Amino acid sequence: MEKTKIAIIGLGTVGTGVARLLLDHGDRTARHTGRIPWLEKVVVRDLTKQRNVDIPEGVLTDDLDEVINNPEINVVAQLIGGLEPARSIMLQLMESGKDIITANKALLAVHGPELFDRARQLGRSIAFEASVAGGIPIITNIGQCLTGNQVTSLRGILNGTCNFIITEMQETGADYNDILQEAQRLGYAEADPTLDVNGADTAQKLTILSQLAFGVRENWDRIPCTGIDMLEIDDIQYADQLGYRIKLLAVAKLVNGEVEMSVGPTLIKKGNPLAEVQGAFNAVRVRGDAVGPVFYHGQGAGQMPTASAVVADIIDTVTGRSQITFNNLELWSENHRPLSMADADNTMDRYYLRMQVVDKPGVMAAITGILGNNGVSIASIIQHKGDNGPSPETVPLVIMSHETTHGSIAQSVSEFTKSDNIESEAVVYKVL
Ligand code: NAP
Ligand code: HSE
């Protein structure tokens with residue numbers, strides 16, 4: 001069989017998994033490719049670092065030029081994180097004639113328009129299945145399998161680290177920071193885990209899925225986004241008592257010709273498949289106007305699930321399928337007629353509110369008055385007598401609203417903060 005020489009840039013969690021699959025299962029990749037995807041070079045920063053995979057002699061290098069200047073290497077898996085030098089390296093690689101595979105969602109969410117335009121000008125392709133939801137083939141499914149549809153909504157648990165933390169908090173009651181460290185040790189978290197827990201990584205993934213499904217051309221940091229970094233065990237427990245689980249949910253849905261987008265902790269009724277997603281697993285529920293609802297579930301982070309997606313992209317690129325798909329997708333292209341993101345204030349949802357209130361006559365009336373004046377209708381209200389929390393004269397109050405606008409809730413919360421009856425800022429989460 002003939003060889004196609006490929007290179008990997010970056011031998012961290014993901015790069016190591018990809019190298020393992022290529023080196024240990026070359027027969028498998030060759031069978032699916034009709035050629036041998038031959039690992040010619042692996043570029044790292046630090047040659048002295050201990051690696052968890054045996055790289056054949058002469059393959060490991062810290063000199064990117066050994067890839068750039070080798071015209072026999074046509075396919076490169078670019079597996080370093082962050083924006084720079086990842087962006088410059090990707091441009092250099094494409095300019096020297098390489099087709100690219102990447103897992104870097106931050107890079108695509110920020111520089112997607114520039115990188116995709118440049119790839120089209122140069123006649124190169126970018127494959128990015130691993131950038132969203134790890135091992136779940138969600139990019140291929142939305143970009144190819146569901147193209148007979150107009151996608152009408154996407155709801156996803158897209159960050160393995162966050163879902164792992166929430167699951168562990170709920171099931172073991174372990175400390176948030178200890179669980180985050182364990183997620184780092186297991187290779188789920190980003191090099192800077194702040195991006196996981198503050199919701200940025202999920203918003204970046206939602207940007208990519210929304211570009212694919214709706215053509216939304218919006219900067220990821222304009223998506224209304226709350227992370228799990230302030231999530232308290234109390235809310236997980238109150239939600240549990242009400243029959244819900246809390247998940248970090250990304251939503252994009254088509255309403256009146258615009259796309260409502262958000263990322264935040266969300267209460268999901270137990271028994272809903274999204275509520276049952278555990279540990280580092282991810283899930284995406286897509287609704288198409290022809291197919292109806294489709295549900296995807298699988299490991300969303302970690303070495304081998306992510307490597308699985310990268311290697312599938314390598315095989316598609318070596319066979320030439322990626323190039324066809326890439327051209328047809330027209331992502332971030334002027335030809336792709338975009339839908340815009342809806343104004344968050346007008347979006348309708350149900351809400352969970354929790355606040356620590358002074359335990360005296362008239363307080364409940366004042367709070368419900370604020371909600372009523374802002375047009376928020378209450379579905380249920382529970383004063384958790386006995387859970388006095390930080391000060392004995394206050395009690396936690398949990399309110400579930402009927403469907404209302406985000407603007408009405410935001411206005412109510414801003415009025416709560418001026419009230420002497422409410423001790424701390426209200427916790428506000430959506431209810432699916
Ligand atoms: P990682 O463990 O931090 O590894 C990054 C690798 O990039 C390291 O091997 C590092 O080299 C190398 N590197 C950094 N800068 C370089 C440079 N200038 N030249 C050459 N090599 C350089 O990261 P990771 O977890 O594998 O993630 C890689 C990418 O995949 C990120 O974009 C991440 O968001 C994405 N991703 C990760 C997962 C996951 O579960 N981990 C899942 C999906 C997507 P040294 O080893 O020499 O320092
Ligand atoms: N840090 C990411 C996560 C990796 O935890 O989901 C997968 O993109």
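In which loop does P85 lie? I looked this up and found P85 in the loop between strand 4 (73-78) and helix 4 (86-95). I take helices (H or I, at least four residues) and strands (E, at least two) as DSSP runs, numbered from the N terminus.

**Basis of the entries.** I note that this is a predicted model, in which local features need pLDDT of at least 70, side-chain atom pairs count only at pLDDT 80 or more, and totals for chains, interfaces and linings use all residues. Residues are numbered from 1 along each chain as its sequence is written, chains are lettered from A and ligands numbered from 1 in the order in which they are written, and side-chain values use heavy atoms, with hydrogens and water left out.

**Loop between strand 4 and helix 4.** I checked the peptide bond between E84 and P85 and found it to be cis, with omega at about 10°. I then turned to G81, which is placed in the loop between strand 4 and helix 4. G81 has a relative accessible area of 54% and is therefore exposed; I use exposed for over 50%, buried for under 20% and partly exposed for values in between (1.4 Å probe, protein chains only). Leaving out residues up to four places away in sequence, I recorded that G81 touches A86 and N104, where contact means heavy atoms within 4.5 Å. I also recorded a separation of 8.2 Å between the C-alpha atoms of G81 and A103, which are 22 residues apart along the chain.

**Positive phi values.** I looked up A133 and found a positive phi of about 65°, although A133 is not a glycine. A133 lies in the loop between strand 6 (126-127) and helix 6 (138-145). Its relative accessibility is 0%, so I count A133 as buried. I next looked up N256, a residue other than glycine, and found phi to be positive, near 50°. N256 lies in the loop between strand 8 (244-255) and strand 9 (258-269).

I traced an open sheet of 6 strands in the order 3-2-1-4-5-6, with parallel pairing. Strand 3 (60-61) and strand 6 are the edge strands, each pairing on one side only. For pairing I require that DSSP finds at least two bridges between two strands. I found that strand 2 (residues 36-43) pairs with strand 3 in the parallel sense over 2 bridges. Within this pairing I noted V43, which stands opposite T61 in strand 3.
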